[in-house]
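Subject: Structure handover

Hello,

Please look through it before reading on.

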Amino acid sequence: MNPCYVFAESTDPAPQSALDNSFIGGRPRLPKGEPIPRCGLCDAEQSFFFQVAMPADNPWSGLSLAVFACTSCKDYDYIVPQWLDESVRAAGIPLGFLDAYQVNFRFLVFASAEAIVCDRYTEKVRFKRLQLVPARESDWGKDKLGGVPDWIQHDESPGTYGPDVPMFFLMQLCEGRTFELVPSAPGQIDLDRSGTPYQSTDSFYNLFLGTPIYLFGTCSREHPRVYAIAQMD
Ligand SMILES: [Zn+2]
């Protein structure tokens, strides 16, 4: 069972509270003592993008996923998560891969009930409360949790993690999803046409390249891991 919900940004103007557990930006809500991930390329503290507390009818019910990525450097070799050829995927994603590939981004999965707002993090992406709205058949091509992926290219669903841990479709973010910044946030480091890094003056961050992103989770509550696929036109 993996019912589908679309993400709706709440218009509620109330500031972030200790009770919020699904939201974009603001300060992450993490297990006590969990450090903010650092970038494996430049060692900067990664930026917090969003987090979602899984609903009761999700395979990861009771768990939350928080997504971080470095916005302080950009390396052409790490511009999107490392992908696997179909032949490798079919045999099972090699054990360890889903830890090792998180070089300049991080998927933290933890018990929702044990998380608290991380006071030591300075907000970069503007806080927006997320509501999970049960989806309809017609909700194709929206940012969503569960259901089935709306691939823009061929189906890249993974088989298993290692030889025997099944994976399920966790969520997708569609093309054009951006993350609005607060005025004090530093611009994202980007690459110009010659591949030289520069600081963007855009008032938002992109996650990876801003292309559609599909996330799959392991059917393991003890060792939850995320496989991310960025598809490009
Ligand atoms: Zn970095």
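A residue counts as buried under 20% relative accessible area, as exposed over 50%, and as partly exposed in between. Arg225, with a relative accessible area of 24%, is therefore partly exposed. Please bear in mind that this is a predicted model.

Arg225 sits in the loop between S16 and strand S17 (226-230). Its C-alpha lies 6.4 Å from that of Leu98, although 127 residues separate Arg225 and Leu98 in sequence.

Zinc site

Which residues coordinate the zinc ion? The donors are the SG atoms of Cys39, Cys42, Cys70 and Cys73, at 2.2 to 2.4 Å. The angles subtended by the four donor atoms run from 103 to 116°, so the arrangement is tetrahedral. For reference, the ideal angle for four tetrahedral donors is 109.5 degrees. Along the sequence, the spacing of the donor residues is C-x2-C-x27-C-x2-C. Cys39 and Cys73 link distant parts of the chain, being 34 residues apart. Cys39 belongs to the loop between strand S3 (29-31) and strand S4 (47-53), and Cys73 to the loop between strand S5 (63-69) and helix H1 (86-90). Cys39 is buried, at a relative accessible area of 3%. Cys73 is buried as well, at 17%.

The loop between S3 and S4 also holds Asp43. Asp43 is not a glycine, yet its phi is positive, at about 70°. Most residues other than glycine have a negative phi. With 47% relative accessibility, Asp43 counts as partly exposed.

How many cavities of 30 Å³ or more does the whole structure contain? The search finds four. The largest cavity holds about 110 Å³ of space. It is lined by 15 residues, and those closest to its centre are Cys70, Lys74, Ile79, Asn104 and Phe208. By class, the lining of the largest cavity has nine nonpolar, four polar and two charged residues.

The second largest cavity has a volume of about 60 Å³. Its lining is made up of Phe7, Ile24, Phe50, Val52, Leu130, Asp143, Leu173, Arg177 and Phe179. Seven of these residues are nonpolar, none is polar and two are charged.

The largest pocket contains about 250 Å³ of space. Of the 15 residues that line the largest pocket, Lys74, Tyr76, Ile79, Val80 and Leu209 lie nearest its centre.

Aromatic residues

Over the whole structure there are 17 aromatic pairs. One of them joins Phe49 and Tyr205: the ring centres are 6.1 Å apart and the planes stand at 45°, so this pair is tilted. Phe49 is in strand S4 and Tyr205 in strand S15 (residues 204-205), so the pair links parts of the chain 156 residues apart. Are these two residues buried or exposed? Phe49 is buried, at 0% relative accessibility, and Tyr205 is buried, also at 0%.

One aromatic cluster is formed by Phe97, Tyr101, Phe105, Phe107, Phe208 and Tyr227.

The loop between S15 and S16

Phe208, a member of that cluster, lies in the loop between S15 and strand S16 (213-218). Phe208 has a positive phi near 55° and is not a glycine. Its relative accessible area is 9%, which means that Phe208 is buried.

Leu207 is placed in the loop between S15 and S16 too. Leu207 is buried, with a relative accessible area of 5%. Between the C-alpha atoms of Leu207 and Pro149 there are 18 Å, and along the chain the two are 58 residues apart.

Regards

Notes
Residues numbered from 1 in each chain as written. Predicted model: local features only at pLDDT ≥ 70, side-chain atom pairs only at ≥ 80, totals over all residues. Heavy atoms only, no water. 1 Å grid on protein atoms, 1.4 Å probe; cavity = no way out; pocket = protein on both sides within 12 Å on 5 of 7 lines; lining within 4 Å. Points joined across faces, edges and corners; volume = space filled by probe spheres on them. Nonpolar A, V, L, I, M, F, W, Y, C, P; charged D, E, K, R; others polar. Donors = N, O, S within 2.8 Å, 3.2 Å for Na, K, Ca; no water. Tetrahedral: all angles 85-135°; square planar, octahedral: opposite > 155°, others 65-115°. Helix = DSSP H or I, 4+ residues; strand = E, 2+ residues; numbered from the N terminus. Buried < 20%, exposed > 50% of the residue type's maximum accessible area, 1.4 Å probe, protein only. Phe/Tyr/Trp six-rings, centres within 6.5 Å; stacked < 30°, edge-to-face > 60°.
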